[in-house]
Amino acid sequence: MQLADFERRIMQGITPVAATQDRQATEQMLKPGGELTAKECLAVYRNNITSTRVRALQAIYPVCETILGSDCFRVLAREFAWQAADACADLNVYGGQLAEYLGAQQRSNFSLLPYLKELARLEWNWHTAYYAADTAPFAYQSFSSAAAHPERLRFTLADGLALLETKYPVREIWQRHRARENPDSIPALEACEYLCIHRPDYGPQVTSLGKTTYVLLTRIQKGSTLEQLGDTAELSENLAELLPVLIQRGWVSGFQLLSV
Amino acid sequence: MSTQPLNTLRPGNRAEGRITGTGIGLRSPHIREVLDTQPDVPWFEILTDNHTAAGGRTAAELMAIRECYPITFHCVGLSLGSSDPLDQGYLDTLKTMHARYEPAWISDHLCFSSLDGTHYHDLLPLPFTEEAVEHVARRIGFVQEFLGQRILVENVSSYMAYTHSVLSEAEFLAAVSETADCDLLLDINNIYVNEFNHGLSGIDYLDAIPLRRVREIHLGGFEDKGAFLLDAHNHAVSKPVWALYRECIKRIPGTPTLIEWDNDIPGFSILQQEAETARRIAAEQSAAQNGA
């Protein structure tokens with residue numbers, strides 16, 4: 001048997017969703033260690049892998065875990081651990097799809113927690129911001145000549161900066177849980193809240209934005225040129241005032257000139 | 001606990017010096033304490049995969065540690081035994097980190113931890129076959145060429161062996177290291193765990209591997225599950241592991257040794273006590289050999 005097939009057979013025995021005959025075929029390949037049976041050997045590795053992924057999720061989503069309760073979160077995390085893709089050796093990039101997974105659960109199980117998906121997105125973006133690259137100083141000197149070509153000038157946002165439009169008061173929910181304050185009686189939002197998750201120094205922050213700032217940052221994130229940013233009346237009226245502030249904060253961290 | 005700003009720490013000349021004596025595996029709960037108190041530890045081993053962040057606190061703390069101490073990198077993501085292609089993204093990150101932090105060496109495990117594009121974050125044992133020797137040696141060769149240096153390959157503990165295997169574990173480790181021309185990181189706890197789980201002889205193991213290739217020794221603690229020993233790295237080093245270490249250091253005196261504790265991490269002073277025990281055993285063996 002070639003090595004690739006061998007390794008696939010081993011993983012078929014370890015994966016929880018393996019068919020019984022596949023698992024039995026794997027068991028035949030084993031010489032169990034200690035006093036374990038072949039089935040128990042495979043269970044040790046299955047448990048190791050599950051535990052590592054669940055611990056990673058617990059570290060990234062502590063407020064979701066608090067709200068759901070440890071036992072419930074652990075059950076969900078164990079299911080997620082073997083359903084979601086895990087395509088990177090770096091565990092710090094694992095678990096980003098949990099928000100979508102919880103959103104699917106919401107529809108069936110957690111009707112009293114309609115904000116869960118948005119909360120998970122906030123926690124994921126917080127986690128990503130923590131590990132983002134540091135922001136280099138804005139290149140003001142070369143910017144003045146680049147700004148002469150607004151049709152080719154595109155801004156870049158700081159690494160790890162994320163934007164969220166939320167229907168529910170997840171920022172307030174999240175902050176109160178982290179501060180161990182009473183999370184009861186958080187009023188519903190009258191309108192959407194717009195959030196920017198960013199990291200000015202060593203610790204990420206969540207900042208509430210006005211809609212215009214959110215729209216501007218979103219357009220920059222999607223690659224609009226300086227000329228295109230001035231397309232809409234709302235942005236063109238505020239661009240001259242907002243852009244320097246966003247640059248000074250480090251949220252707009254650089255620019256590029258597109259080729260002619 | 002002190003929260004001395006990272007940019008006011010003892011200024012730099014980057015810590016030089018060879019890796020000698022007994023070091024400690026540095027884990028997140030201890031980083032601030034180490035930076036604040038600057039304990040007398042000759043070197044630290046860093047879990048590379050915990051410090052891949054491009055910026056922020058994690059990167060700044062590692063840089064501060066590096067300014068004060070020599071370090072080595074211990075990886076878990078190379079998946080040297082996998083039949084998947086080597087992860088070029090991971091290799092690129094490793095090379096960048098190597099240039100930035102200048103570890104004395106880089107190590108990873110003789111196992112596979114990924115397959116068909118999925119990573120499992122566990123150390124899955126390989127079949128001890130000639131095909132696997134050639135395959136792993138080829139990949140180690142590529143990694144060494146890419147990084148521009150030899151790497152250390154560590155023996156892993158396991159809870160299953162395979163009917164396909166035609167070599168012993170020690171023969172397999174020896175063949176891989178000789179074929180790849182790589183160095184070894186010898187984990188004494190893992191040898192003992194496999195001694196218990198698979199009935200092999202730790203002493204025979206030591207005598208079957210090319211000890212001249214061992215550049216580092218790991219010592220850690222297993223969890224006794226009754227039916228088997230689990231390599232949980234969550235206990236102090238056990239008596240039989242200390243005994244096997246004594247046999248090992250007798251054979252390769254002066255080999256740098258590392259105390260490894262990854263889970264249920266105790267206070268830093270406990271790790272220092274473990275390191276002191278290792279130093280005492282190494283010194284006793286050295287004295288016995290000099291007196292002989």
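A polar contact is a pair of N or O atoms within 3.5 Å; within protein, one atom must be able to donate a hydrogen and the other to accept it, and residues adjacent in sequence count only if both atoms are side-chain atoms.

The structure is a predicted model, in which local features need pLDDT of at least 70 and side-chain atom pairs count only at pLDDT 80 or more, while totals for chains, interfaces and linings use all residues. Residues are numbered from 1 along each chain as its sequence is written, chains are lettered from A and ligands numbered from 1 in the order in which they are written, and side-chain values use heavy atoms, with hydrogens and water left out.

Start with the layout of chain A. Chain A is divided into domain 1 (3-113) and domain 2 (140-257). Such bounds come from an automatic or database domain assignment. The C-alpha centres of the two domains lie 36 Å apart.

Now look inside. A nonpolar core is a set of buried Ala, Val, Leu, Ile, Met, Phe, Trp, Tyr and Cys residues joined through side-chain atoms within 4.5 Å. Buried means under 20% relative accessible area, exposed means over 50%, and partly exposed is in between (1.4 Å probe, protein chains only). In soluble globular proteins, nonpolar side chains tend to be buried together. The largest nonpolar core here has 141 residues. Within this core, I14(A), L186(B) and I188(B) touch the most other members. Helix α3 (residues 38-60) of chain A gives the largest share, 10 residues. Helices (H or I, at least four residues) and strands (E, at least two) are DSSP runs, numbered from the N terminus. Both domain 1 and domain 2 of chain A give residues to this core, so the core lies between them. There is also a second, separate core of 26 residues. Its members include L163(A), L216(A), L229(A) and L239(A).

Go back to I188(B). Contact means heavy atoms within 4.5 Å. Leaving aside neighbours within four places in sequence, I188(B) is in contact with I217(B), H218(B), L219(B), V241(B), L244(B), Y245(B) and C248(B).

Next comes the interface. Here 43 residues of chain A are in contact with 47 residues of chain B. The two chains bury about 3800 Å² between them, and 60% of that is on carbon and sulfur atoms. Buried area is the accessible area (1.4 Å probe) that two parts lose on being put together, summed over both. L3(A), Y45(A) and Y202(A) supply 19% of the area that chain A buries against chain B, more than any other three residues. The interface also has 16 residue pairs in polar contact (both at pLDDT 80 or more). On the side of chain A that touches chain B, the elements that give two or more residues are α1 (3-14), β1 (30-32) and α3 of chain A.

Turn to charged pairs. A salt bridge is a side-chain nitrogen of Lys or Arg within 4 Å of a carboxyl oxygen of Asp or Glu. Over all chains the count comes to 25 salt bridges. Across the interface of chain A and chain B there is 1. R8(A) forms a salt bridge with D116(B), and their closest N and O atoms are 2.8 Å apart. This pair runs from D116(B), in the loop between β5 (112-115) and β6 (118-124) of chain B, to R8(A) in helix α1 of chain A. D116(B) is partly exposed at 47% relative accessible area. R8(A) is partly exposed too, at 33%.

Chain B has salt bridges of its own. D36(B) pairs with R32(B), with the closest N and O atoms 3.2 Å apart. Both lie in helix α1 (residues 28-37) of chain B, 4 residues apart, about one turn of the helix. R32(B) is buried, at 15%. E178(B) and R212(B) also meet in a salt bridge (2.8 Å, N to O). E178(B) lies in helix α5 (residues 169-180) of chain B and R212(B) in the loop between α7 (202-208) and β10 (214-219), so the pair ties together parts that are 34 residues apart in sequence. Shared partners join R150(B), E178(B), D181(B), D183(B), R212(B), R213(B) and R215(B) into one salt-bridge network.

Finally, the serine. S165(B) is found in the loop between β8 (160-162) and α5 of chain B. The side chain of S165(B) reaches the backbone nitrogen of F128(B) at 2.9 Å.
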